[in-house]
Amino acid sequence: METLQVTPSAEKLWTPNFIKLFIINMGFQLCTYGMNTLASKFGYSLGAALALIGIIASGHSVGSLVTKIVAAPAVDSFDRKKVLLFGLGFLAFVYAGYALSHTAMMLTVFRVLQGVGMAFVTLVTMTMATDALPEAHMGAGIGYFTLSITLMQSVAPSLGLFLFDRIGYNNTFWCMSALTVCNFLFACTLHNKAEEERFKPPFRLSFRSIIAPECLVVSGIVFLLSCTFACINGYMVLYADSMKVENVSLYFTVYALILLLVRPMVGRLSDKYGTYRVIFPCMMCYGIAFLVLSTARSLPVFLLAAGISSFGYGGMFPALQAACMKCVPKERRGSASSTLYVAVDLAQFFGPILGSRIIEASSYPVMWRCMEIPILMATAVALWKRKRLKEIDHI
């Protein structure tokens with residue numbers, strides 16, 4: 001009697017574990033972006049000086065970047081479910097610390113500690129999600145998974161401000177802590193037999209346990225593109241103010257809404273045709289978006305740039321994420337995830353600094369046009385390393 005074999009393309013994408021991880025990530029991102037909106041305002045209400053408010057605003061990113069030194073090897077060396085539970089439990093404690101903070105310095109400490117918990121949860125959720133996905137649907141799966149981030153980027157800031165208006169800072173922070181506890185309990189229901197059988201290398205702090213050399217080409221492309229995206233986040237509102245354009249927050253709304261359609265679509269295309277073929281049209285769209293942005297003098301033109309950018313950066317990022325995770329065996333996906341997110345963290349640090357220098361020397365429109373240079377550099381790297389990218393598509 002013939003044994004029926006299931007082809008990779010027939011494997012389910014929305015497995016129980018993947019669905020649970022999607023929900024867990026939504027809860028995590030809801031608290032993260034809600035806190036990002038409120039942290040600076042809360043620091044100001046506690047009497048923090050402007051310099052300290054700047055530290056409060058970015059303290060979590062510093063804590064996250066430093067903690068990845070430990071978090072990346074931990075994700076590969078220990079049971080990933082336990083690492084996730086540790087991260088969520090730690091964040092529940094941190095959010096309670098926010099509620100108990102009565103000085104700006106206490107708030108700053110907990111803001112940095114939030115980055116510690118974020119490092120573990122960010123790396124392990126992405127790694128566990130890719131573990132739950134069939135290889136044939138990696139691009140589409142990551143496209144869907146990152147929608148949990150997109151949705152919360154749109155909803156969480158408004159929800160955080162709504163809760164603050166109704167119940168105040170402290171009670172809002174207690175709500176965030178309670179939600180994270182619920183997330184922790186829900187994560188306890190995760191079960192993956194393959195994780196129990198996975199080879200776990202010894203825990204070791206080394207360059208290779210934090211940075212996967214196999215992912216450097218893809219991460220280099222991500223770094224160059226993320227530098228430009230960080231400038232959009234950093235200077236879009238200020239640029240619109242200088243042009244006297246109101247309601248520019250709709251830029252991010254339009255970007256997020258179009259992304260809901262773009263990411264799954266581009267993910268499926270990358271699975272079918274390969275990352276190498278997909279990223280070039282996306283890079284072209286992304287470059288056009290900056291040219292449009294540099295000419296924006298009215299809200300409709302800003303929104304047009306948002307739509308084009310969504311097809312560009314929003315479309316190619318999950319495809320590059322999938323390529324990065326495919327570069328390494330499953331037991332080293334923690335270091336692959338770390339390599340990618342370190343590139344993003346560094347870009348979020350260096351991108352706005354570069355943008356500010358150009359603005360000081362010239363103007364916002366010139367700065368937007370100068371962002372074409374990193375995009376062209378990323379395109380050049382992809383062409384130079386096309387053989388490697390094509391190899392990844394066939395792993």
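Predicted model: local features only at pLDDT ≥ 70, side-chain atom pairs only at ≥ 80, totals over all residues.
User: Which residues touch the most other members of the largest nonpolar core?

Analyst: A nonpolar core is a set of buried residues joined through their side chains. In this structure the largest such core has 114 residues, and those that touch the most other members are Leu84, Leu225, Tyr286, Phe302, Met367 and Trp368. Helix α4, residues 104-132, gives the most to this core, with 14 residues.

User: What is Tyr286 in contact with, leaving aside its neighbours within four places in sequence?

Analyst: With those neighbours set aside, the contacts of Tyr286 include Leu225, Phe229, Tyr313, Met316 and Ile375. Tyr286 also belongs to a cluster linked by ring pairs, whose members include Phe229, Phe290, Phe302, Tyr313 and Trp368.

User: How many aromatic pairs does the structure hold, and how should I read the one formed by Phe42 and Tyr169?

Analyst: Planes under 30 degrees apart count as stacked and those over 60 as edge-to-face, with the rest counted as tilted. The structure holds 23 aromatic pairs, and the one between Phe42 and Tyr169 is tilted, with 4.9 Å centre to centre and 40° between the planes. Because Phe42 lies in helix α1 and Tyr169 in helix α6, this pair ties together parts that are 127 residues apart in sequence. Both Phe42 and Tyr169 are buried.

User: Why is the pair of Tyr95 and Tyr98 tilted, and where do these two residues lie?

Analyst: Their planes are at 50°, so the pair is tilted, and the ring centres are 6.2 Å apart. Tyr95 and Tyr98 both lie in helix α3, three residues apart, which is about one turn of the helix.

Definitions and conventions: Residues numbered from 1 in each chain as written. Heavy atoms only, no water. Core = buried A, V, L, I, M, F, W, Y, C linked by side-chain atoms within 4.5 Å. Buried < 20%, exposed > 50% of the residue type's maximum accessible area, 1.4 Å probe, protein only. Helix = DSSP H or I, 4+ residues; strand = E, 2+ residues; numbered from the N terminus. Contact = heavy atoms within 4.5 Å. Phe/Tyr/Trp six-rings, centres within 6.5 Å; stacked < 30°, edge-to-face > 60°.
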